[in-house]
Amino acid sequence: GWEGAFDKLAEALGRSTRFELRGDRVIVMVRVFDAPRDLVFRVYTDPHLIPQWWGPAIYRTSVEEMDVRPGGAWRFVARVADARDHACRGVYREIGPAERLVSTREDEGAPGHVSGETLALEERGGKTRATATSVFETPEERDAMAEPDQFARTDNPGRTGPGNDDPHRSPLRACARRSPRRSACGSDACG
């Protein structure tokens, strides 16, 4: 989910994530990006940008499906050199243009364990505060996701991210240089 994505974004931006366990079923992660909210939103909703930062650096991520609208499905597959696939999927529940994404998430390796995922984006002074909240069905599922090894696997020092200093490889900078076009979901996307 958002955990791995935030790790990669943090590496690219040199920022840290505030990680918090709430109650017995919730994980909240907060990070501030030095980019406007609409650009951060684009990085999360453009299927051409997702592979640049989603998943650990040893994986090649592909977007198999991404219908960014309420009721639309998404499926991302991360592949390693030994041909193992790690896929996750979900359904978008709510899309607040440039401010909010709500979806489900299910790792295909653990079918039936579905979490609720909310990404809220708030812009202040040209920077964006991203708050990702994951709500799990049981305390055990939350605890499994919160294990230190779970987050270590998503460490991605070699992967690009939206704030990477190389403008040819940075999703955020690439979006900023392009003129926006209207995407199928009705939000502006890179074009």
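Colleague: Let's start with Arg 100. What relative accessible area does Arg 100 have?

Modeller: It's 30%, so Arg 100 is partly exposed. The cut-offs: buried is under 20% relative accessible area, exposed is over 50%, and partly exposed lies in between, using a 1.4 Å probe and protein chains only.

Colleague: What should I know about the model itself?

Modeller: It's a predicted model, so local features need pLDDT of at least 70 and side-chain atom pairs count only at pLDDT 80 or more, while totals for chains, interfaces and linings use all residues. Residues are numbered from 1 along each chain as its sequence is written, and side-chain values use heavy atoms, with hydrogens and water left out.

Colleague: Back to Arg 100, then. Which residue does Arg 100 form a salt bridge with?

Modeller: Glu 94, with the closest N and O atoms 2.8 Å apart. A salt bridge here is a side-chain nitrogen of Lys or Arg within 4 Å of a carboxyl oxygen of Asp or Glu. Glu 94 is partly exposed too, at 34%. There's also a network: salt bridges with shared partners join Arg 75, Arg 89, Glu 106 and Glu 108.

Colleague: How many salt bridges does a search of the whole structure find?

Modeller: The search finds 12. One of them pairs Glu 64 with Arg 79, at 3.6 Å between the closest N and O atoms.

Colleague: Which parts does that pair tie together?

Modeller: Glu 64 is in strand 3 (residues 60-66) and Arg 79 is in strand 4 (residues 73-79), so the pair links parts 15 residues apart in sequence. Helices (H or I, at least four residues) and strands (E, at least two) are DSSP runs, numbered from the N terminus. Glu 64 counts as partly exposed at 41% relative accessibility, and Arg 79 is partly exposed at 34%.

Colleague: New topic: helix 2. How many of its residues are buried?

Modeller: Seven of the nine in residues 37-45, so helix 2 is mostly covered. Among the buried ones are Leu 39, Phe 41 and Tyr 44.

Colleague: And Arg 42, is that buried or exposed?

Modeller: Buried, at 7% relative accessibility. Its side chain meets that of Asp 38 in a salt bridge of 3.7 Å, N to O, and Asp 38 counts as partly exposed at 34%.

Colleague: How far apart are Arg 42 and Asp 38 in helix 2?

Modeller: Four residues, which separates them by about one helical turn. In general, an α-helix has 3.6 residues a turn, so residues three or four places apart point the same way.

Colleague: What about its pairing with strand 8, how many bridges join them?

Modeller: Eight, with strand 2 and strand 8 (residues 127-135) running antiparallel. Val 28 stands opposite Thr 133 in strand 8. Seven of the eight residues of strand 2 (residues 26-33) are buried, so strand 2 is largely enclosed by the rest of the structure.

Colleague: On to the rings. How many aromatic pairs does the structure hold?

Modeller: It holds five. Trp 54 and Phe 76 have ring centres 4.8 Å apart and planes at 80 degrees, so that pair is edge-to-face. For the cut-offs, rings of Phe, Tyr and Trp (its six-membered ring) pair if their centres lie within 6.5 Å; planes under 30 degrees apart are stacked, over 60 edge-to-face, and the rest tilted.

Colleague: Are Trp 54 and Phe 76 buried or exposed?

Modeller: Trp 54 is buried at 9%, and Phe 76 is buried at 4%. Phe 76 also forms a tilted pair with Trp 74, at 4.8 Å centre to centre and 50 degrees between the planes. Ring pairs link Tyr 44, Trp 53, Trp 54, Trp 74 and Phe 76 into a cluster.

Colleague: Last one: what pLDDT does the protein chain average?

Modeller: The average is 76, and 69% of the residues score at least 70. pLDDT is the predictor's confidence in each residue, from 0 to 100.

Key: Two strands pair if DSSP finds at least two bridges between them.
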